Structure formats: C-alpha cells, structure tokens
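Colleague: I have a protein to go through before class. Can you open the structure and take my questions as they come?

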Amino acid sequence: GEHLGTLWHGPPGNGKTSLVRRLPRESEGVTRLWVDPSAMNPSNLEDTLALVARVLRSLPDDGAALVVFEDIDLLSGTRESSPIRSWLSALDGVEQYGCRVAFLGLTNLAPRDFDPAVVRPARLGDLVVEFGPPDRERRRLILGDHLGERLDEAALEDLADRSHGMSGAEVELLCRRARWTEREGGGVLEG
C-alpha cells in the first residue's frame with residue numbers, strides 16, 4: 001500500500017500533540033494508532049510494533065491508518081540499536097499492507113538531530129513541519145479564545161504584545177491564571 005512519513009517538530013508547548021489529539025479518532029475510514037515510546041521499555045517497543053503490524057494487516061485494501069509516534073526522539077540513536085532497527089524495519093515493511101498508511105512522528109528535536117535514516121523520504125522525511133512559538137496574531141487568537149469575553153480589544157492587544165516569546169501552552173497558562181485571579185476576587189491581569 002501507499003504510505004507517507006511526516007515529522008512534526010518544535011519546542012514543547014506549541015501544539016503538536018494537541019493538534020493530533022483534536023483529530024477525530026475515526027474519520028472517513030481512517031484508523032488511528034498511538035505509540036508512546038516513553039511508556040515502554042525496548043522489549044515492549046517490539047511488541048507494540050508487532051501489534052501495529054497486525055492491525056495494519058487486518059485493514060482492508062481500501063482502508064487507511066494514521067500511526068502516531070509521540071516523542072519519536074526516544075527512538076533516536078544509531079541504526080545499530082535494537083529499538084531503532086526494529087522501528088525502521090516496521091516503516092520499511094509498510095508496502096506489504098494493502099491499506100494506505102501515514103506515519104507521524106512528534107518531537108521536540110530538530111530533524112538534524114536524528115539519524116539521517118529516520119528522516120529520509122519514505123520514512124519520516126516526506127513532509128517535515130516545524131511548530132514554533134506563536135506569532136503575535138496567534139497569541140492574540142489564543143488570548144481571545146480564553147479571555148475575549150472578559151477583556152476589551154485594547155487589553156487583548158496589549159497582552160498579545162506582552163506575551164512575546166511565550167509558547168502556546170504558556171499563553172494558555174497566562175489565561176488560566178487570569179481566570180483564577182478573577183475568581184479569587186482580583187481583577188484580570190491588572191497592571
């Protein structure tokens with residue numbers, strides 16, 4: 001079957017995992033599998049890859065799957081190490097399945113920090129997307145989503161300027177703290 005390998009990378013807190021989690025679990029016949037290397041030891045990885053292979057084999061030829069590897073950097077290393085060798089073999093063996101498969105690796109590392117065998121085309125290098133900190137307009141949108149009903153436009157614009165350099169998660173934390181302060185009787189981000 002056809003396959004596509006994609007790598008989403010960037011600093012923590014900028015939406016990689018959140019975006020994937022917001023995708024529907026089952027959408028238009030797409031089966032989603034989630035592999036989290038941080039939750040397993042190397043022997044579990046081989047078992048997990050075998051399970052992924054069984055699921056892919058069970059899909060009809062016109063089926064499709066999205067296989068998400070969170071914290072893919074935990075599988076980085078040299079090609080001689082057992083986990084990465086097993087993982088690369090799983091990627092290379094995908095043609096044997098009749099279904100279409102997209103592999104998505106999520107990482108905080110830059111592609112240059114991986115063994116080139118991992119990020120080459122036909123593995124995770126078909127599409128590489130960087131998730132950086134939000135620009136001013138994106139910070140303004142996050143603030144508006146969380147505090148728009150509490151603050152006027154000028155205050156939202158000011159907060160968008162003052163939150164320069166923050167990750168999306170840090171801007172959301174700022175909003176949660178503002179709502180908490182307001183509930184405790186203080187003003188929203190006074191001063």
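Modeller: One definition to begin with: a residue is buried under 20% relative accessible area, exposed over 50%, and partly exposed in between. Alanine 122 has a relative accessible area of 32%, so alanine 122 is partly exposed. Keep in mind that this is a predicted model.

Colleague: Where is alanine 122?

Modeller: Alanine 122 is in the loop between S5 and S6. Its phi is positive, about 80°, although alanine 122 is not a glycine.

Colleague: And what is phi of aspartate 71?

Modeller: Phi of aspartate 71 is near 50°, again a positive value in a residue other than glycine. Aspartate 71 sits in the loop between S4 and H3. Its relative accessibility is 25%, so aspartate 71 counts as partly exposed.

Colleague: Let me step back. How many helices and strands are in the protein?

Modeller: The protein has 6 helices and 6 strands. Starting at the N terminus, the elements follow the order β-α-β-β-α-β-α-β-β-α-α-α.

Colleague: What percentage of the residues is buried?

Modeller: Of the 191 residues in the protein, 39% are buried.

Colleague: Why would nonpolar side chains be buried together?

Modeller: As a general matter, nonpolar side chains in soluble globular proteins tend to be buried together. In this model, the largest nonpolar core has 25 residues. Leu56, Val67, Phe69, Trp87 and Phe103 have the most contacts inside that core.

Colleague: Which elements supply at least two residues of this core?

Modeller: Strands S3 (30-35), S4 (64-69) and S5 (100-107) do, and so do helices H2 (42-58) and H3 (82-92). The largest share, 4 residues, comes from H2. Another core lies apart from this one; it has 11 residues, including Ile142, Leu156, Leu159 and Val171.

Colleague: Changing topic. How many aromatic pairs are there?

Modeller: The search of the whole structure gives 2 aromatic pairs. In one of them, the rings of tryptophan 8 and phenylalanine 131 have centres 5.0 Å apart and planes at 40°, so the pair is tilted. Planes under 30 degrees apart would count as stacked and over 60 as edge-to-face.

Colleague: Which parts of the chain does that pair link?

Modeller: The pair links distant parts. Tryptophan 8 is in strand S1 (residues 3-9), while phenylalanine 131 is in the loop between strand S6 (127-130) and helix H4 (136-147), 123 residues apart.

Colleague: Tryptophan 8 and phenylalanine 131: buried or exposed?

Modeller: Tryptophan 8 is buried, with a relative accessible area of 13%. Phenylalanine 131 also counts as buried, at 14% relative accessibility.

Colleague: What sits over the ring of tryptophan 34?

Modeller: The charged end of arginine 21 does, 4.6 Å from the ring centre.

Colleague: On to charges, then. How many salt bridges does the search find?

Modeller: It finds 7 salt bridges in the whole structure. In general, side chains of opposite charge can pair when their charged atoms come close. Arginine 140 forms a salt bridge with glutamate 153, with the closest N and O atoms 2.8 Å apart. Arginine 140 is in helix H4 and glutamate 153 in helix H5, so this bridge links distant parts of the chain, 13 residues apart. At 13% relative accessibility, arginine 140 counts as buried, whereas glutamate 153 is partly exposed at 44%.

Colleague: Which residues are linked in a network of salt bridges?

Modeller: Arg136, Arg140, Glu153, Glu157 and Asp161 are linked that way.

Colleague: What does arginine 162 form a salt bridge with?

Modeller: Its partner is aspartate 158, and the closest N and O atoms are 3.0 Å apart. Both residues lie in helix H5, 4 residues apart, which is about one turn of the helix.

Colleague: Last topic. Which side chain of opposite charge is nearest to lysine 16?

Modeller: That is aspartate 71, 7.6 Å away. The side chain of lysine 16 does make a polar contact of 3.4 Å with that of asparagine 108.

Colleague: And what does the side chain of aspartate 73 make a polar contact with?

Modeller: With the side chain of threonine 107, at 2.7 Å. Aspartate 73 is buried and has no salt bridge; lysine 16, the nearest side chain of opposite charge, is 8.3 Å away.

Terms used:
Residues are numbered from 1 along each chain as its sequence is written. This is a predicted model: local features need pLDDT of at least 70, side-chain atom pairs count only at pLDDT 80 or more; totals for chains, interfaces and linings use all residues. Side-chain values use heavy atoms; hydrogens and water are left out. Rings of Phe, Tyr and Trp (its six-membered ring) pair if their centres lie within 6.5 Å; planes under 30 degrees apart count as stacked, over 60 as edge-to-face and the rest as tilted. Buried means under 20% relative accessible area, exposed over 50%, partly exposed in between (1.4 Å probe, protein chains only). A charge sits over a ring if NZ of Lys or CZ of Arg is within 6 Å of the ring centre and within 35 degrees of the ring normal. A nonpolar core is a set of buried Ala, Val, Leu, Ile, Met, Phe, Trp, Tyr and Cys residues joined through side-chain atoms within 4.5 Å. Lys and Arg count as positive and Asp and Glu as negative; His and the chain ends are not counted. A salt bridge is a side-chain nitrogen of Lys or Arg within 4 Å of a carboxyl oxygen of Asp or Glu. A polar contact is a pair of N or O atoms within 3.5 Å; within protein, one must be able to donate a hydrogen and the other to accept it, and residues adjacent in sequence count only if both atoms are side-chain atoms.
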